[in-house]
Number of protein chains: 2
Amino acid sequence: MFKINEHYLKLPGSYLFSTIGKKVAAYTAANPDRSIIRLGIGDVTQPLAPAIIESLHSAVDEMAHRETFHGYAPDLGYEFLRSAMAKHDYQARGCDISADEVFISDGAKCDSGNIQEIFSTENRIAVCDPVYPVYVDTNVMAGRTGTYDPDRGIWSNVIYMPCTAETDFAPELPKERPDLIYLCFPNNPTGSTITKPRLQEWVDYANREGAVIIYDAAYEAYISEEDVPHTIYECEGARACAIELRSFSKNAGFTGVRLGAVIIPKELKCGDVTLHSLWARRHGTKYNGAPYIVQRAGEAVYSEAGKAQLAEQIAYYMNNARVILEGLNNAGYSVSGGINAPYIWLKTPKNMTSWEFFDYLLEKAGVVGTPGSGFGPSGEGYFRLTAFGSYENTVAAIERIRKI
Amino acid sequence: MFKINEHYLKLPGSYLFSTIGKKVAAYTAANPDRSIIRLGIGDVTQPLAPAIIESLHSAVDEMAHRETFHGYAPDLGYEFLRSAMAKHDYQARGCDISADEVFISDGAKCDSGNIQEIFSTENRIAVCDPVYPVYVDTNVMAGRTGTYDPDRGIWSNVIYMPCTAETDFAPELPKERPDLIYLCFPNNPTGSTITKPRLQEWVDYANREGAVIIYDAAYEAYISEEDVPHTIYECEGARACAIELRSFSKNAGFTGVRLGAVIIPKELKCGDVTLHSLWARRHGTKYNGAPYIVQRAGEAVYSEAGKAQLAEQIAYYMNNARVILEGLNNAGYSVSGGINAPYIWLKTPKNMTSWEFFDYLLEKAGVVGTPGSGFGPSGEGYFRLTAFGSYENTVAAIERIRKI
């Protein structure tokens with residue numbers, strides 16, 4: 001008789017955003033006349049920029065003719081996109097990343113879930129707490145996390161790095177030695193950032209201890225302050241210890257278009273084996289490339305028109321962030337984030353738990369946010385709002401919250 | 001110090017089609033004036049059908065406006081596509097598959113590589129020999145296959161089911177008991193098929209022995225004979241033992257568009273746990289949906305116009321198959337396949353090994369095929385040609401082969 005992967009059964013409940021979706025659907029079914037404003041899941045709402053639309057149409061037309069039709073994409077992705085990323089995201093910032101160190105994918109969620117596969121199941125992971133649930137859940141599925149303590153909401157074999165008001169929402173170097181360190185800056189869910197000198201400490205630590213940093217830079221485009229690094233490769237020595245994940249979801253509104261990339265410098269090795277060669281083997285064996293038309297859309301992100309249009313789009317969302325931040329501040333909430341990130345992180349009032357505040361906000365204000373405890377035990381008592389709504393909805397949501 | 005997944009290092013050489021790509025690139029670089037005809041990798045060459053192009057353009061336009069913009073897709077895929085598949089691919093054939101048993105993905109390669117994850121690493125797999133390399137390679141990566149014997153080209157913990165001229169290119173029920181059985185009909189690489197009574201024997205065997213059949217139906221659209229099943233759910237009891245993989249790559253030319261689906265009936269269980277729930281959890285945690293525009297393109301495959309246009313496209317490729325089959329027959333080759341599948345499987349002449357014949361064909365005729373041994377030890381001495389070229393190239397390739 002066949003057996004299942006028992007590790008799956010250890011996962012408590014369903015994936016966070018699926019749970020929220022179901023709760024909201026149930027509420028909507030019971031209250032069909034109630035208007036709901038969703039500032040929960042980090043999904044964009046602005047349409048694709050004109051330069052991207054134009055590029056998509058043009059690529060679709062190419063697919064209509066035998067002479068310009070594109071079948072299977074090259075293993076690592078099309079050279080035009082890998083070169084554009086290497087040039088604009090790295091070389092333009094003085095970082096030594098070449099096009100053949102870029103692996104194009106269909107998004108950072110898949111990449112951040114799949115990357116653990118090339119590592120031993122004996123490796124121990126360290127994560128910020130709270131954190132994007134995919135990092136931990138995919139390691140649970142792989143059997144790397146030990147047993148779950150439902151009372152404390154933690155796994156026995158995971159190193160948690162609390163990021164709370166006490167630590168200024170930044171992780172401190174762990175006391176126990178990890179093999180894989182997941183970092184995400186600007187941070188999801190807290191919206192906090194890290195300065196370049198602080199990130200350099202992490203790179204030095206990883207090189208000293210023989211750990212790999214998996215650096216999720218999905219929110220890089222929202223950085224507004226000078227001393228915040230846009231990529232981990234701004235730090236010296238990062239080529240020897242860091243993998244970077246990039247996404248087009250938030251900088252270009254590709255949540256429904258699907259495009260991302262993994263950067264693996266060829267210096268990153270375990271003995272003689274480059275992690276680049278392992279990921280290349282995974283890519284070649286288990287993946288068949290992002291759609292040609294989507295890779296062309298990605299290229300348009302780096303065009304002059306694309307860059308200008310997307311800067312406007314980000315400014316639009318960051319104006320929402322300002323509205324939320326100021327509105328909640330004025331309403332007496334304790335808030336952070338929202339300066340270099342589209343996320344606002346708030347302390348729940350009156351010692352409510354995160355899920356109590358979720359229900360309270362949904363019922364009293366018709367506003368959907370994300371319970372901080374869904375991101376880890378140190379997220380308990382916190383709540384995430386996103387700036388990805390429309391301006392009108394954001395203003396209305398804050399008005400409703402202020403009234404309750 | 002972090003460790004890598006050591007199973008990756010057991011994999012001999014690179015992924016088959018990457019190796020072929022590199023060999024052809026080297027040959028082309030050395031012989032820039034030589035014209036090469038590629039009948040190797042199973043990549044389509046005809047442009048997307050007009051109904052699909054129209055649907056893509058229209059979906060792109062939707063993404064350009066806030067009112068019709070689509071962000072993250074639903075976990076399982078859009079209902080419009082899941083319903084279309086359930087209706088046209090299953091219910092229309094009298095098979096009891098509902099829309100919520102369909103999981104939309106970005107292609108059958110990813111699905112056939114990822115599906116093993118929900119099973120225990122202790123499970124033992126059985127594969128046809130020769131076989132699509134992804135089934136075995138992804139189980140190697142997961143540590144399920146034991147050790148590799150380079151002389152015999154086999155893994156110690158894999159059950160091989162030889163499909164050679166002696167077995168009429170069909171597998172026989174294995175003597176040892178497997179937990180997971182990979183079947184692919186119409187077959188890649190041999191182009192062979194299975195009748196419904198024979199497939200029923202496999203379903204009965206799996207139900208009796210407590211095994212799961214992973215049924216790859218990627219080439220279903222090429223079936224021309226009456227008694228060949230289009231889906232495993234035509235067999236009684238398949239809902240309790242079979243997962244089916246579907247692809248849009250070959251029936252609609254989506255190799256560069258990327259769309260597929262996994263079908264998991266809710267009756268398929270290990271104890272109380274449905275495999276449906278495990279795959280749903282994986283989908284929700286590690287995947288973020290196929291692009292909206294691509295799912296709309298998939299919907300167009302089932303429109304009246306789409307169906308008519310794609311029937312023509314398949315007839316075009318199957319005419320190529322006829323050209324290859326007849327041409328090689330006339331040239332004295334021993335050939336099979338090509339009737340219900342776009343693949344033609346031939347015995348190499350003069351006892352050449354598969355790779356010797358690959359080099360011979362490339363050098364003497366400038367024709368690229370796929371060495372049978374790349375698909376498994378029983379593929380040694382065989383060679384695969386595909387019908388996916390243009391008619392002109394196919395005729396020219398056969399002419400060149402006949403001359404040498």
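This is a predicted model: local features need pLDDT of at least 70, side-chain atom pairs count only at pLDDT 80 or more; totals for chains, interfaces and linings use all residues.
**View 1. The contact between chain A and chain B, by residues and area.** Chain A gives 85 residues to the contact, and chain B gives 85 residues. Of the interface residues of chain A, 100% are also interface residues in chain B, so the copies meet through the same surface. About 7000 Å² is buried between chain A and chain B, and carbon and sulfur atoms give 59% of this area. F2(A), Y72(A) and R281(A) together supply 12% of the area that chain A buries against chain B, more than any other three residues.

**View 2. Elements of chain A on the side that touches chain B.** Between chain A and chain B, 33 residue pairs are in polar contact, counting pairs with both residues at pLDDT 80 or more. On the side of chain A that touches chain B, two or more residues come from each of helix 1 (7-10), helix 3 (50-63), helix 5 (108-114), helix 6 (133-141), strand 11 (269-270), helix 8 (275-286) and helix 9 (292-301) of chain A. Helix 8 of chain A gives the largest share of this side, 8 residues. Sorted by class, the side of chain A that touches chain B has 38 nonpolar, 27 polar and 20 charged residues.

**View 3. The salt bridge of R281(A) with D137(B).** Side chains of opposite charge can pair when their charged atoms come close. In the salt bridge between R281(A) and D137(B), the closest N and O atoms are 3.2 Å apart. The count of salt bridges between chain A and chain B is 6. R281(A) is also one of the three residues, with F2(A) and Y72(A), that supply 12% of the area chain A buries against chain B.

**View 4. The salt bridge of R66(A) with E392(B).** Over all chains the count comes to 40 salt bridges. In one of them, the side chains of R66(A) and E392(B) meet at 3.1 Å, N to O. R66(A) lies in the loop between helix 3 and helix 4 (79-90) of chain A, and E392(B) lies in helix 12 (residues 391-403) of chain B, so the pair joins two chains.

View 5. P189(A) sits in the loop between strand 7 (180-184) and helix 7 (196-209) of chain A. The loop between strand 7 (180-184) and helix 7 (196-209) of chain B holds P189(B).

**View 6. Helix 10 of chain A and the residue G332(A) after the helix.** Helix 10 (residues 304-330) of chain A has 27 residues. From its first C-alpha to its last, the helix reaches 39 Å, close to the 39 Å expected at 1.5 Å a residue. Just after helix 10, G332(A) takes a positive phi of about 90°.

**View 7. The backbone at N351(A).** N351(A) is not a glycine, yet its phi is positive, at about 55°. N351(A) is in the loop between strand 14 (343-347) and helix 11 (354-365) of chain A.

Methods
Residues are numbered from 1 along each chain as its sequence is written. Chains are lettered from A and ligands numbered from 1 in the order in which they are written. Side-chain values use heavy atoms; hydrogens and water are left out. Helices (H or I, at least four residues) and strands (E, at least two) are DSSP runs, numbered from the N terminus. The expected span of a helix is 1.5 Å times one less than its number of residues. Contact means heavy atoms within 4.5 Å. Buried area is the accessible area (1.4 Å probe) that two parts lose on being put together, summed over both. A salt bridge is a side-chain nitrogen of Lys or Arg within 4 Å of a carboxyl oxygen of Asp or Glu. A polar contact is a pair of N or O atoms within 3.5 Å; within protein, one must be able to donate a hydrogen and the other to accept it, and residues adjacent in sequence count only if both atoms are side-chain atoms. Ala, Val, Leu, Ile, Met, Phe, Trp, Tyr, Cys and Pro count as nonpolar, Asp, Glu, Lys and Arg as charged, and the others, Gly among them, as polar.
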